[in-house]
Amino acid sequence: MENTDTPKAPLSWDEYFMLQAMMSSFRSKDPSTKVGSVFVDKHNHQISMGYNGFIAGIDESQLPWTKDLDQGLVNTKYGYVVHAEANAILHAPRSLEGSRCYVTLFPCNECAKLIASKKVSEVIYLSDKHQDKEHTIVAKKIFDLSGIKYRSMEVTHKLLERLQEHLEKLLHDVQFGGKV
Ligand SMILES: [Zn+2]
């Protein structure tokens, strides 16, 4: 008989924090691009999280989500949205010096300025889909000049399946008190 109780390998810290960044992107109301970010200290304690959204506390009903710059900056989201990394930095309760930044999309140059100013040590990203755009090229130059390391990582479907299995078991245990 197959032993179904064999413990599975735990998550790596990279997987754990990238999943946290992905969860934080889930909070974003941006209909086109949802980005999440988590800052972690050298002891693997989470310092801060953020996702892209309108300025905290502002009346969002007055603001547009449109991306069409032909309508003028004043009528697009670009005038008012704070990026995931910027939000995490703004709301960090303590120093980010030496921390790692997990982010679902490679930072733009504006966020790279903040990340470098905060003396973050490493950026770990999921997607680099804007790698040919100037704001990404400038961001990499900022990181290179500041000695900030950056690397991509993958979140596999296998990991997501394991997570789903875990969450379903957890829910089942909550509902049925662990009785099968
Ligand atoms: Zn940015």
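This is a guided tour of the structure above, going from its sheet to its core, then to one helix and a few loop residues.

The model is a predicted one, in which local features need pLDDT of at least 70 and side-chain atom pairs count only at pLDDT 80 or more, while totals for chains, interfaces and linings use all residues. Residues are numbered from 1 along each chain as its sequence is written.

**The sheet**

Begin with the open sheet of five strands, whose order is 2-1-5-6-7 and whose pairing is mixed; strands (E, at least two residues) and helices (H or I, at least four) are DSSP runs, numbered from the N terminus, and two strands pair if DSSP finds at least two bridges between them. At its edges select strand 2 (46-51) and strand 7 (149-152), each of which pairs on one side only. Neighbouring strands here are turned by 15° against each other on average, with direction ignored, where axes are lines fitted to C-alpha atoms, for helices over the stretch in contact, and angles run from 0 to 180 degrees between N-to-C directions.

Next select strand 1 (residues 36-40), which pairs with strand 5 in the antiparallel sense over four bridges; Ser37 has Val103 of strand 5 as its bridge partner. Helix 1 (residues 13-25) packs on the sheet, where it touches strand 1, strand 2, strand 5 and strand 6, and its direction makes about 140° with that of strand 1.

Move on to strand 6 and strand 7, which pair in the parallel sense over four bridges, with Val123 standing opposite Tyr150 of strand 7. Together with helix 4, these two strands make a right-handed β-α-β unit; right-handed says that, with the strands pointing away from the viewer, the path from the first strand over the helix to the second runs clockwise.

**The core**

Now select Val38, Cys101, Tyr102, Val103, Ile115 and Val123, the residues with the most contacts inside the largest nonpolar core, which has 28 residues. Such a core is a set of buried Ala, Val, Leu, Ile, Met, Phe, Trp, Tyr and Cys residues joined through C-beta atoms within 7 Å. A residue is buried if 20 or more other C-beta atoms lie within 10 Å of its own, exposed if 12 or fewer, and partly exposed in between, with C-beta atoms placed from the backbone. Among the elements that each supply at least two residues of this core are helix 1, helix 2 and strand 5.

Centre the view on Cys101, which, leaving out residues up to four places away in sequence, touches Ser37, Phe39, Glu85, Ile115, Val120 and Val123; contact requires C-beta atoms, placed from the backbone, within 7 Å.

**Helix 3**

In helix 3 (residues 109-117), select the buried residues Cys111, Ala112 and Ile115. Seen down the helix axis, they fall within an arc of 105°, so they line one face of helix 3, the arc being that of the directions from the axis to the C-beta atoms. They pack against helix 2 (84-90), strand 5 (100-105), strand 6 (122-127) and helix 4 (134-146).

**Loop residues**

Lys119, in the loop between helix 3 and strand 6, has a positive phi of about 60° although it is not a glycine. Asn44, in the loop between strand 1 and strand 2, likewise is not a glycine and has a positive phi of about 65°; Asn44 is exposed, with 10 other C-beta atoms within 10 Å.

Finish at Leu63, in the loop between strand 3 (53-54) and strand 4 (81-82), which counts as partly exposed with 16 C-beta neighbours inside 10 Å. Apart from neighbours within four places in sequence, Leu63 is in contact with Phe54, Ile58 and Tyr80.

Terms used: Contact = placed C-beta atoms within 7 Å.
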